[in-house]
Amino acid sequence: MHRRPLGRGRTLAAVSAIVLLVGCLLPWWTVGGGSDLPTHTTTNGFASSGILVFIVALATLALLTLPYAAGDRPVGFDRWPVYLVFVVVGWVGLGYVVVDLLVRGVLAASLHAPSEVFTRGPGLWIAGIGLAMLSRAVYDMRQDPAIR
């Protein structure tokens, strides 16, 4: 049976996909609330174009398992340009969410202290870290020798 070694890039891609999934489940932005007030609105990675980040995480995991599901033949689809497309789609989805929050004024209206940028949206930051990890994984895969 053909078993392609996972390598550093693909291992990092698997870890980044898990980080992206965790980031999509956590709140991406919270509006309202305070010391004694309840929150009014909470969004996560499934709202708006944030769903693209979730789809990228699932597609990365599916592509990582594809060579093991294919059996004896090497899979030509498991190459670094495909992962690069995933990274670009993920960054576009995340960027659109941030621009949407800026345009609607949600960020400025709900911040009372500079530290709230981090505490109001932990999922957004974790998704950004996951996409940065996936970007690094694509760079590492680019350095791998080609399989014939």
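**Figure 1. Contact between helices H3 and H6 in the predicted model****.** On the H3 side, Trp 80, Tyr 83, Leu 84, Val 87, Gly 90, Trp 91, Leu 94, Val 97, Val 98 and Leu 101 take part; they meet Leu 124, Ala 127, Gly 128, Leu 131, Ala 132, Leu 134, Ser 135, Val 138, Met 141 and Arg 142 of H6. By residue class, this contact comprises 16 nonpolar, three polar and one charged residue. Helix H3 spans residues 80–104 and helix H6 spans residues 122–143. Their axes lie 10 Å apart, and the packing angle is about 155°. Angles over 145 degrees count as roughly antiparallel, and H3 and H6 are therefore roughly antiparallel to each other. The crossing of H3 past H6 is left-handed.

**Figure 2. Aromatic pair of Tyr 83 and Phe 86 within helix H3****.** Two aromatic pairs are found in a search of the whole structure. In the pair formed by Phe 46 and Phe 54, the rings are edge-to-face; that pair is the subject of the next legend. For Tyr 83 and Phe 86, the ring centres are 6.3 Å apart and the planes stand at 80°, so this pair is also edge-to-face. The two residues are separated by about one helical turn, because they lie three residues apart in helix H3. Tyr 83 has a relative accessibility of 0% and so counts as buried. Phe 86 is likewise buried, with a relative accessible area of 16%. Tyr 83 is also one of the H3 residues that meet H6.

**Figure 3. Aromatic pair of Phe 46 and Phe 54****.** The ring centres of Phe 46 and Phe 54 lie 4.8 Å from one another, with 70° between the planes. Phe 46 has a relative accessibility of 36% and counts as partly exposed. Phe 54 is partly exposed as well, at a relative accessible area of 21%; buried would require a value under 20%. Phe 54 is among the H2 residues that meet helix H1.

**Figure 4. Contact between helices H1 and H2****.** Helix H1 covers residues 7–25 and helix H2 covers residues 51–70. Arg 10, Ala 13, Ala 14, Ala 17, Leu 20, Leu 21 and Cys 24 form the H1 side of the contact, and Val 53, Phe 54, Val 56, Ala 57, Leu 58, Thr 60, Leu 61 and Leu 64 form the H2 side. These residues divide into 13 nonpolar, one polar and one charged. The helices pack at an angle of about 150°, with their axes 9 Å apart, and H1 and H2 are therefore roughly antiparallel to each other. H1 passes H2 in a crossing that is left-handed.

**Figure 5. Overall context of the close-up views.** The protein chain contains six helices and two strands, arranged along the sequence in the pattern α-β-β-α-α-α-α-α. Of its 148 residues, 36% are buried. Among contacts with a separation of 6 or more, 72% join residues 24 or more positions apart.

Note on methods: Residues numbered from 1 in each chain as written. Predicted model: local features only at pLDDT ≥ 70, side-chain atom pairs only at ≥ 80, totals over all residues. Heavy atoms only, no water. Axes fitted to C-alpha atoms, helices over the stretch in contact; angles between N-to-C directions. Helix = DSSP H or I, 4+ residues; strand = E, 2+ residues; numbered from the N terminus. Parallel < 35°, antiparallel > 145°, perpendicular 65-115°, else oblique. Left-handed = near helix turned anticlockwise from the far one by under 90°. Contact = heavy atoms within 4.5 Å. Nonpolar A, V, L, I, M, F, W, Y, C, P; charged D, E, K, R; others polar. Phe/Tyr/Trp six-rings, centres within 6.5 Å; stacked < 30°, edge-to-face > 60°. Buried < 20%, exposed > 50% of the residue type's maximum accessible area, 1.4 Å probe, protein only.
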